[in-house]
Amino acid sequence: MSTKPTTTDLEWTELDQRAVDTARILAADAVQKVGNGHPGTAMSLAPAAYTLFQKVMRHDPADADWTGRDRFVLSAGHSSLTLYTQLYLAGFGLELDDLKAFRTWGSKTPGHPEYGHTVGVETTTGPLGQGVANAVGMAMAARYERGLFDPEAAPGTSPFDHFVYCIAGDGCLQEGISAEASSTAGHQKLGNLILLWDDNHISIEGDTETAVSEDTMKRYEAYGWHVQRVEPKENGDLDPEALFAAIQAARAETSRPSFIAMRSIIAWPAPNAQNTEAAHGSALGDEEVAATKRVLGFDPEKSFEVSDEVIGHTRRALDRGREARAKWEKQFQEWRSANPERAAEFDRIAAGELPAGWEEKLPVFETGKGVATRAASGKVLQALGAVVPELWGGSADLAGSNNTTIDKTSSFLPVGNPLPEADPYGRTIHFGIREHAMAAEMNGIALHGNTRIFGGTFLVFSDYMRNAVRLSALMHLPVTYVWTHDSIGLGEDGPTHQPVEHLASLRAIPGLNLVRPADANETSIAWREVLRRWTKEFGKGAPHGLALTRQGVPTYDWNDDAARGGYVLFDAEGGEPQVVLIATGSEVHLAVGAREQLQAAGVPTRVVSMPCVEWFEEQDQGYRDAVLPPSVKARVAVEAGIGLTWHRYVGDAGRIVSLEHFGASADGKVLFREFGFTAEAVAAAARESIEAAAR
């Protein structure tokens, strides 16, 4: 464990200090103006954020998406002004009026940073700890990207070498997700990751002694991180010289992620509010803001005061960024010339295009044969893996059950790992039993760019992932969740492992497309559609969840209309349909069996397979009416979960064959029979619906 460094080559002038203090009063003024927010942390962290944005990071404010840039994640998203003030000072596009509009309707400065909303914001943060896991994912993606395009380069010499910086607070490190992600980072030896911990000892309920007593630095040492402590100046302020030296030492440590503990005083140097919990999440008050300005040498009568000298000084970041990008572009062009095939691959991937002929590799499964959709998914992944190199992923220690091993001979593991398949640029990720961090790391991987990620676990454990899944939907990220063991059909593991409410619950997340294919061919089509939706022609991306069976289900003919979310699998015979049976996943074959019974009894019956409600709702009204004719009021929906999704589709006369209680431990076939999931039960529900529609 390192102590405070004593030497540094940091150039720090009075104008730099004035810029830091300007960021402090801007944070105080912004919160005071709107009447709510989190001023204290932004005030105390200003030296750290300024050091990163003005003295350390490789970035170009005029080209915030430049491939060669360092990434910055503010995990402590409540302190959004920590980021906004630096984006303003450095010239990323925010101006003073944007800070004045903090947390107001239509502003570029919402209460928590939002990816895609504000230039320079790399990820949406707010739920504590998520950003730590995002940063771990970004660092993983950077390594895989290097493996795709420049694996032979010596460390630090590739245009694809860059760092990921993250600022986290006490709350971030208390959330379990950060522990999961930090364990992963240490195991993976992510030397391109530097985490700065704002150790200010304050949370909403006061001194962190209320809740925390472990030695956090020793915890990170145990994870396998390089750990340093930066002590404050005698006056309590963060010491930029010591911090800069610690960051330089962290950058030199390439075989481990780095953890820098920064002791700070929240709301420093506010005379009365500093080191209080009130300064965490409340405006300081007019008198305290004025007093703070007097301490820092600002006019207490002025708000949002920024001198021309300060903004002129900080906007030199634009010149430095232009120079850094030009230097990188020269290096990049040299790489392109030496690696024309890899350069062509880079151009394709960066353009959001898929390789020519990739669809021809999709497996088509034999009709009639019983295949578990999880097994079909695994075959699709292995087929795609051979032709889509940017596709990679794994599982939360369930690869054999999730069928998520894209390449058995290549595991994403660092140099020094003893496993024979270990490869720092490997295809298959072993996320470990860390579902929450896995999902947030997948978000970070997607945010980093130039790769495509999937990750799997059992559907019931999507509960562990939910907050990160919600954020992937909020950010429109093209990540794919492979959720298997999707119903009571998994059998003997019982109700703790049998999802009941999960399908409906996940469909409730706006922007998440949940796909529950009926058979092997629908699974192949589903993967095809997911990959198509990764391309730029679809505009904003979206996360997808695949809900897949453990048990075998009958295979039907390939039908491209499955990609439309809902389609007629078997139409009525002997006239217009008297009843429509709508089903998903493993219950589709029950609807098919019910149709056979009803047709034999002279009841023309249509079966609609609806693997993805969200895709179906995207179709025009004409198509949806063609699949579900408004004139046919007799309808039955069948799904082995709660029926919440289906009321809008079946109407007043409709019936829903669903599961409104937890499962049990028994063979899956027994459970389907005992809980009323049979062709006979579906046919009986159809007759009831026909009678109700006739009234």
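Two strands count as paired when DSSP finds at least two bridges between them. On that basis, this predicted model contains an open sheet of 5 strands in the order S1-S2-S3-S7-S6, with parallel pairing. Strand S1 (71-74) and strand S6 (226-230) form the edges, each pairing on one side only. From one strand to the next, the twist averages 15°.

Within the sheet, strand S2 (residues 164-169) and strand S3 (residues 193-199) pair in the parallel sense over 6 bridges. Val164 stands opposite Leu193 in S3. Two helices that pack on the sheet may be considered next. Helix H2 (residues 39-56) touches S1, S2, S3 and strand S7 (258-263), and the direction of H2 makes about 175° with that of S2. Helix H9 (residues 240-252) also packs on the sheet, where its contacts are with S2, S3, S6 and S7; the direction of H9 makes about 175° with that of S6.

The loop between S7 and helix H10 (278-281) holds Pro269, and the peptide bond from Trp268 to Pro269 is cis, with omega near 5°. Ala267 lies in the loop between S7 and H10 as well. Although Ala267 is a residue other than glycine, its phi is positive, near 65°. Ala267 counts as buried because its relative accessibility is 0%, and the cut-off for buried is under 20%.

A positive phi is also found at Arg103, which is not a glycine and has a value of about 65°. Arg103 is placed in the loop between helix H4 (96-100) and helix H5 (130-149). With 30% relative accessibility, Arg103 counts as partly exposed.

Methods. Residues are numbered from 1 along each chain as its sequence is written. This is a predicted model: local features need pLDDT of at least 70, side-chain atom pairs count only at pLDDT 80 or more; totals for chains, interfaces and linings use all residues. Side-chain values use heavy atoms; hydrogens and water are left out. Helices (H or I, at least four residues) and strands (E, at least two) are DSSP runs, numbered from the N terminus. Axes are lines fitted to C-alpha atoms, for helices over the stretch in contact, and angles run from 0 to 180 degrees between N-to-C directions. Contact means heavy atoms within 4.5 Å. Buried means under 20% relative accessible area, exposed over 50%, partly exposed in between (1.4 Å probe, protein chains only).
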